Amino acid sequence: MHQLFSRVLGQRDLSRAGDLFSLEDAEIEDCLSQALDQIKTISCSPDYLTNDNDQAVVEICITRITTAIRETSSIERHSVALVGLWESCLEHNLTPQGENTEDTPHAKIASDITSCILQNYSCPSVMVLAVPVAVRFLQRGNRELSRNMSSYLSLAAIAKADLLAEHTEAITLSVLGGNHMLLRVLPSVYPRQPDTIHCHLGDLTAMMTQLESPEQQHLIRLIQMVAEQHPLMLSPQVPLLVGYLDDKSLTESLLGVLVDVSQASPSSLVSFLPVLRTVGQRCPALLGHVAKTHGAVGIISETHAHSSFVYLVSLLGSMEHSFHHTLLLEIRALTDRHPSLLGGCGKDIYRMSNSFTAIARLLGRRLEESVVMRCGGGRGAEQQLQVKIQAFEERMGEARAEEELEEDSPASLRRYSLSQAVREERREMRFNRSKSLALHAVHSRSINPDAGVDGDGAEIRNQEAPPTDRKRTAEGSVPVPPAVERGVREAGKGEGREEDGEMKEQDEADRLFVHLRDNMETIRAFCRDVVRQVPAPEQCVIEDSNRGCVAKLSFSCPLKGHYCLYAKSCFNLTSRMPHLWIRMMLLHLQSKSSVPLSSRDECVQRLASLWEKTQLKGAHSFPMAMTQHSTLHRKDLDSLQIQLGEVRFFDLFGYSEEEGGWLCFMCNNPEKATVVNQEGQPLIEGKLKEKQVRWKFIKRWKTRYFTLAGNQLLFRRGKSKDELEDIPIELSKVQSVKVVAKKRRDRGLPLAFEIFTDSKTYVLKAQDEKHTEEWLQCINVAVAQARERENREATTYL
């Protein structure tokens with residue numbers, strides 16, 4: 001062991017402990033394991049809890065050791081000794097006693113070691129030792145330790161889920177005990193330990209209303225995995241899941257889960273169909289999911305089939321074109337299973353037809369005959385029906401005229417490479433199908449009051465198409481092509497099969513176009529709101545790093561006024577979430593376009609190229625990934641906002657309602673330009689405390705008087721502003737400004753901040769957090785302005 005370490009630890013010499021930081025990391029690297037073993041001996045001694053000198057020596061030595069391990073990247077070499085000391089803390093009290101909320105001595109040791117060990121979550125040899133110990137800390141009653149442990153275990157679950165799988169029971173019990181952060185771990189371990197989670201599925205599902213939105217999304221993801229792999233396990237939870245449908249943020253996801261459950265256990269959904277119909281009326285974009293649950297329940301018996309059949313037919317007249325193929329497939333599945341619904345001629349109808357149009361026409365004719373034979377109808381009802389038919393004919397005429405205009409537009413001509421004859425046939429197909437379905441739906445509603453739909457009239461709506469639904473046929477195995485305007489052709493029909501293949505190929509190639517077209521209004525509404533929270537990057541470059549691909553993002557000020565902070569430069573951000581930013585950029589581009597973007601558009605191809613460069617393991621292709629959801633989830637937006645906040649973006653930019661975009665601080669506040677740019681006039685001045693010792697456990701601060709003016713941050717030796725100045729900080733030379741977050745409130749106001757120059761680091765804080773935040777914003781603005789001034793001078797010189 002190094003001589004100085006031997007003296008400090010052997011003699012408990014606190015006076016020499018600080019000298020350990022004067023040693024080079026490489027000089028002490030060989031003896032770190034020995035030092036850790038000796039620290040373990042000291043911390044386990046009977047008098048350690050009452051010996052303040054020993055506690056101080058141990059804290060200083062641990063700080064020096066963990067620093068050396070990080071700097072020399074020697075965690076694998078010393079992991080056994082480090083985890084051994086960490087585990088020894090479990091033998092002692094870790095819970096604060098009584099009103100004293102300060103950590104116990106052994107809790108402090110565990111806290112200091114935790115990050116050093118678990119930040120190496122991608123290193124298998126370290127995690128094999130650390131994970132079993134980390135899980136034991138979850139149940140020891142120290143909230144701060146448990147929270148830190150949960151954060152790192154979440155990262156470990158991404159990198160090495162198999163190491164956590166054997167501890168699934170302990171992790172699940174910790175979640176049920178209130179440690180909701182660990183919910184994000186459960187989807188990672190579920191494929192390896194499904195039975196363990198199935199035992200607690202009811203309690204986990206019942207937690208939904210106790211959770212914040214990001215935590216709800218993790219639980220939803222777990223429930224979706226169960227629905228995909230073991231849907232029967234969720235059948236007892238159907239009442240709870242249906243009860244959560246009123247929450248708009250959960251509706252779409254939960255309806256998808258209920259569709260999966262209905263395929264495996266249709267009887268569990270029978271009593272909840274009225275509720276699902278109400279949800280469908282409230283959210284028309286989700287009627288596809290509702291239709292599928294009705295189709296599944298209708299398989300149970302002829303009685304259920306008839307009820308579902310009437311409901312599905314009633315939707316034909318009110319749903320947008322893109323839903324028709326889903327409805328017709330559900331109707332066909334029912335009529336194949338229960339031929340009596342169409343008087344035994346269902347198969348003949350489908351066999352004789354080769355497109356959705358023909359199916360709809362024959363189906364509607366048969367329904368009309370069946371209903372009239374069963375119920376009859378007076379002259380008054382017939383007159384009322386004719387009025388409704390005429391109204392629908394007028395609406396469909398308007399729709400046809402709109403389609404003709406759409407087909408003649410340059411955008412449509414650019415996107416479709418089919419011949420004019422094929423376009424005409426498809427247009428006729430769409431129109432005839434809609435008209436036929438609408439008329440017969442009105443007829444069935446008027447005559448059959450039990451259809452469960454208001455009989456006063458039907459409305460043809462422009463609705464949002466749902467994100468990529470799971471397509472299901474009667475057999476549940478043949479996927480339906482994603483094109484929403486394609487006729488279904490029987491395998492035995494030679495004529496038209498080649499044409500259908502061409503249409504299918506075109507639709508498959510334009511999967512992204514179909515998705516964006518069907519969700520244009522949703523995307524516009526989403527971007528109108530989100531643009532005020534998260535800006536769209538002006539430029540994105542994907543680069544490789546040691547920990548995977550990163551996105552180099554650039555943001556600039558569009559106004560570029562006289563005092564603009566970014567007239568000649570950009571605000572740069574390096575993000576480890578490139579996939580989220582790429583999705584955000586696509587949504588932003590679509591919101592600015594009056595027509596749906598196509599996979600052949602140059603801007604989309606550039607984004608696709610960026611996506612390919614991210615090389616995300618197991619990720620979908622660009623078109624598949626972009627069509628999974630119509631917009632970004634709330635948790636993803638929160639992640640982007642947090643990242644922007646961490647780099648102080650919102651200090652330097654703000655959203656301008658007048659300009660409809662993100663402007664820099666100076667362009668947003670032109671009235672302050674004269675104050676900021678007037679030579680000699682301070683932007684802000686006052687007393688700040690400067691930390692004199694870099695070790696975090698020694699709190700020694702000195703008060704100075706600081707003035708921020710022009711290109712300099714000046715400070716004076718004493719508390720008086722009249723004393724002599726030290727050398728000022730040149731703001732143009734500042735490399736970065738980093739926030740020191742307040743403990744237990746990482747996203748709150750800053751407790752202090754660090755200014756990094758090429759030669760020195762300054763740690764400063766004001767009298768309270770509010771004033772510290774004010775200083776921090778002013779310094780960030782001044783630094784950005786100083787850099788921009790240099791850029792302008794360089795441009796002028798060149």
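## Two strands side by side

Let's start with a pair of strands: E2, covering residues 548–555, is joined to E3 by five bridges, and the two run antiparallel. As background, the strands of a sheet pair through backbone hydrogen bonds, in either a parallel or an antiparallel way. Keep in mind that what you're looking at is a predicted model.

## The whole sheet

Zoom out a bit and you'll find an open sheet of three strands, in the order E1-E2-E3, with antiparallel pairing. Strands E1 (539–545) and E3 (571–575) sit at the edges, each pairing on one side only. From one strand to the next, the twist averages 25 degrees.

## Helices across the sheet

Which helices lie across these strands? Helix H30, made of residues 578–592, lies across E1, E2 and E3, and runs at about 40 degrees to E2. Helix H31 (residues 602–614) lies across E1 and E2, running at about 15 degrees to E1.

## A helix with a kink

Now hop over to helix H6, residues 75–88. With 14 residues at 1.5 Å a residue, H6 should span 20 Å, and its end C-alpha atoms are 18 Å apart, which agrees. Where is H6 kinked? The kink is centred on Ala81 and comes to about 35 degrees.

Ala81 is also one of the buried residues of H6. In general, an α-helix has 3.6 residues a turn, so residues three or four places apart point the same way.

Terms used. Residues numbered from 1 in each chain as written. Predicted model: local features only at pLDDT ≥ 70, side-chain atom pairs only at ≥ 80, totals over all residues. Heavy atoms only, no water. Pairing = 2+ DSSP bridges. Helix = DSSP H or I, 4+ residues; strand = E, 2+ residues; numbered from the N terminus. Axes fitted to C-alpha atoms, helices over the stretch in contact; angles between N-to-C directions. Contact = heavy atoms within 4.5 Å. Expected span 1.5 Å × (residues − 1). Bend = angle between axes of the 7 residues up to and from the residue. Buried < 20%, exposed > 50% of the residue type's maximum accessible area, 1.4 Å probe, protein only.
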